Amino acid sequence: MLKILQADKGYDSNLKQYTKKDAQLSFLLFFIMILNYSILAILEDKFEFIKENIMLVGCIFNILMIGITILFVKLNKQSLETIGLYKGKWKNSIIVGVILALFLFYNNCLSYFINGSRFIALHQILIRCVYYFFVAICEEIVFRGYIGTRIYGVIKKRWLAVSIVGILFIIMHFPYRMIAYQMTLSDLTIKNVSWLLDLFMTHIIFNFIYLKTNSLYGAIIPHWMSNFAFHIILK
């Protein structure tokens, strides 16, 4: 049982290099992401053109965050391997990711289709395919890849570090929904406990895949498929 919970040696070795400065930068990146999504929500709320093309604009904002994260990595003279890209047990990571993605596609989409629901229009499916792909890459490299590793510069206990990043992952979803959808804090917490638990468990599972393989692909693939599958079926 303990062996199952052990991290990949490359992953653990990666964590040992981080300092207090890296942890501080991880929190800075978190606030930049909060600001990024808040600005997107404000633009969607204020401008009809943005609202009508929110997925296209959303792709731009997510690509911007991906670029900022990579910039953080490069300015600190670190490699992209330190956020789970390129190396690690990438083949194992992809296999696990694809298996989980297939399960999520059935659970979030195909099961509804079997029970009589219909797919949305094809052009809308294609738009969502691209949009949620960039959402998955963005959120994974920011939270599991960057913040989830650099936070070890100040927090050494794994369970505590993983829990804190999970909470940050949940909080990140609040500003956009509160601004763009006019949702209250109560709407997002007391009235949405199952959603909060789902976000936290998603973080735990994706973090575990990264921890075991030292590769982020196994988290990106099911993250993408989970969101994509859920939004292409008329429930």
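Predicted model: local features only at pLDDT ≥ 70, side-chain atom pairs only at ≥ 80, totals over all residues.
H11 gives the most, with seven residues.

The second largest pocket has ten lining residues, with Arg158, Val162, Ile204, Asn207 and Leu211 nearest its centre. Here the elements giving two or more residues are H8 and H11, and H11 again takes the largest share, with five residues.

Here are the volumes and lining classes for both pockets.

| Pocket | Volume | Lining by class |
|---|---|---|
| Largest pocket | About 1,100 Å³ | 22 nonpolar, ten polar, four charged residues |
| Second largest pocket | About 190 Å³ | seven nonpolar, two polar, one charged residues |

Now for the backbone. Most residues other than glycine have a negative phi. Tyr86 has a positive phi, near 80°, and sits in the loop between helix H5 (54-75) and helix H6 (90-114). Its relative accessibility is 56%, so Tyr86 counts as exposed, the cut-off being over 50%.

Asn214 also has a positive phi, near 55°. Asn214 belongs to the loop that links helix H11 (193-213) and helix H12 (217-230). Asn214 counts as buried because its relative accessible area is 12%, and buried means under 20%.

Key. Residues numbered from 1 in each chain as written. Heavy atoms only, no water. Helix = DSSP H or I, 4+ residues; strand = E, 2+ residues; numbered from the N terminus. Buried < 20%, exposed > 50% of the residue type's maximum accessible area, 1.4 Å probe, protein only. 1 Å grid on protein atoms, 1.4 Å probe; cavity = no way out; pocket = protein on both sides within 12 Å on 5 of 7 lines; lining within 4 Å. Points joined across faces, edges and corners; volume = space filled by probe spheres on them. Nonpolar A, V, L, I, M, F, W, Y, C, P; charged D, E, K, R; others polar.
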